[in-house]
Structures are given as structure tokens and as C-alpha cells.
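The sequence and model come first.

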Amino acid sequence: MPKKIFTGKVTKVIDDKTIKVQVDRFIKHKKYSKSVQSSRKFLVDTTTVKADIGNDVIIEESKPISKTKAFILKEVRK
């Protein structure tokens with residue numbers, strides 16, 4: 001099974017090793033066929049790469065790091 005890769009925006013820097021990333025996506029409503037924006041927030045481990053609030057980032061799924069962290073920061077896009 002391939003690893004999930006998402007692009008999102010950093011909304012909060014929790015500490016030196018953790019950030020919160022919001023991933024937005026558009027889905028089509030089944031009944032009305034209208035595009036609806038859906039968002040989800042992930043806690044991301046940042047031991048190798050650092051990011052600040054407002055940066056666009058690429059995150060990748062990994063094995064669980066803690067109870068709530070299961071993603072690592074791959075790269076910071078500007």
C-alpha cells in the first residue's frame with residue numbers, strides 16, 4: 001500500500017518538533033454535484049526540516065510517532 005502524500009499550509013507551530021498542517025481539498029457533493037471544500041488538520045513531525053506559520057508544505061504518512069502524530073515533513077514549498 002503506497003504512503004499518503006498531502007500538501008497543506010502550516011497553521012500552528014506547537015514546539016520545535018511538531019507543527020499543525022491544514023490540508024484542504026475539494027470534493028463533489030453526491031446529490032447536488034456541487035464542489036464543496038473539505039479540510040483536515042494533521043500533527044506533523046519536524047525533526048529534519050523546519051517550517052514556519054503560513055508555509056506551504058508537503059507531508060508524508062509514516063509509522064505512528066506518537067498517539068496523534070503519524071506524518072513527517074518532507075519539504076517546504078514557498
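What percentage of the 78 residues of the chain count as buried? The share is 23%, where buried means under 20% relative accessible area, exposed means over 50% and partly exposed lies in between, with a 1.4 Å probe and protein chains only.

## Basis of the values

This is a predicted model, in which local features need pLDDT of at least 70 and side-chain atom pairs count only at pLDDT 80 or more, while totals for chains, interfaces and linings use all residues. Residues are numbered from 1 along each chain as its sequence is written, and side-chain values use heavy atoms, with hydrogens and water left out.

## Overall figures

The chain contains five strands and zero helices; the order of elements from the N terminus is β-β-β-β-β. Helices (H or I, at least four residues) and strands (E, at least two) are DSSP runs, numbered from the N terminus. The C-alpha trace spans about 45 × 30 × 20 Å along its principal axes.

The chain has an accessible surface of about 6,100 Å², 51% of which belongs to carbon and sulfur atoms. Areas come from the Shrake-Rupley method with a 1.4 Å probe; for residues, only the protein chains shown count as cover. Of the contacts (heavy atoms within 4.5 Å) between residues at least 6 apart in sequence, 48% join residues at least 24 apart.

There are 20 positive and 9 negative charges, and their mean positions lie 9 Å apart. Lys and Arg count as positive and Asp and Glu as negative, with His and the chain ends not counted; each charge is placed at NZ of Lys, CZ of Arg, CG of Asp or CD of Glu.

## The barrel

The five strands close into a barrel in the order 1-2-3-5-4, with mixed pairing. From one strand to the next, the twist averages 50°; axes are lines fitted to C-alpha atoms, for helices over the stretch in contact, and angles run from 0 to 180 degrees between N-to-C directions. Two strands pair if DSSP finds at least two bridges between them.

Strand 2 (18–28) and strand 3 (residues 35–45) are antiparallel and share 11 bridges, with Phe26 opposite Gln37 in strand 3. Six residues lie between the strands of this hairpin, and Ser33 takes a positive phi near 55°. Strand 3 also runs parallel to strand 5, joined by three bridges. Leu43 has Lys69 in strand 5 as its bridge partner, and Asp45 stands opposite Ile72.

Strand 5 (residues 69–77) is antiparallel to strand 4 over six bridges, with Arg77 in strand 5 opposite Asp56. Strand 4 (residues 56–61) pairs in the antiparallel sense with strand 1 (residues 5–15) over five bridges, where Gly8 faces Val57.

## Two loop residues

Lys17 lies in the loop between strand 1 and strand 2 and is partly exposed, at a relative accessible area of 47%. Not counting residues up to four places away in sequence, Lys17 touches Val44, Asp45, Thr46, Thr47 and Lys69. Lys74 is 57 residues from Lys17 in sequence, with 14 Å between their C-alpha atoms.

Asn55 belongs to the loop between strand 3 and strand 4. Why does Asn55 count as partly exposed? Its relative accessible area is 23%. With residues up to four places away in sequence not counted, Asn55 touches Gly8, Lys9, Val10 and Val76. Asn55 and Lys12 are 43 residues apart along the chain, and their C-alpha atoms are separated by 10 Å.
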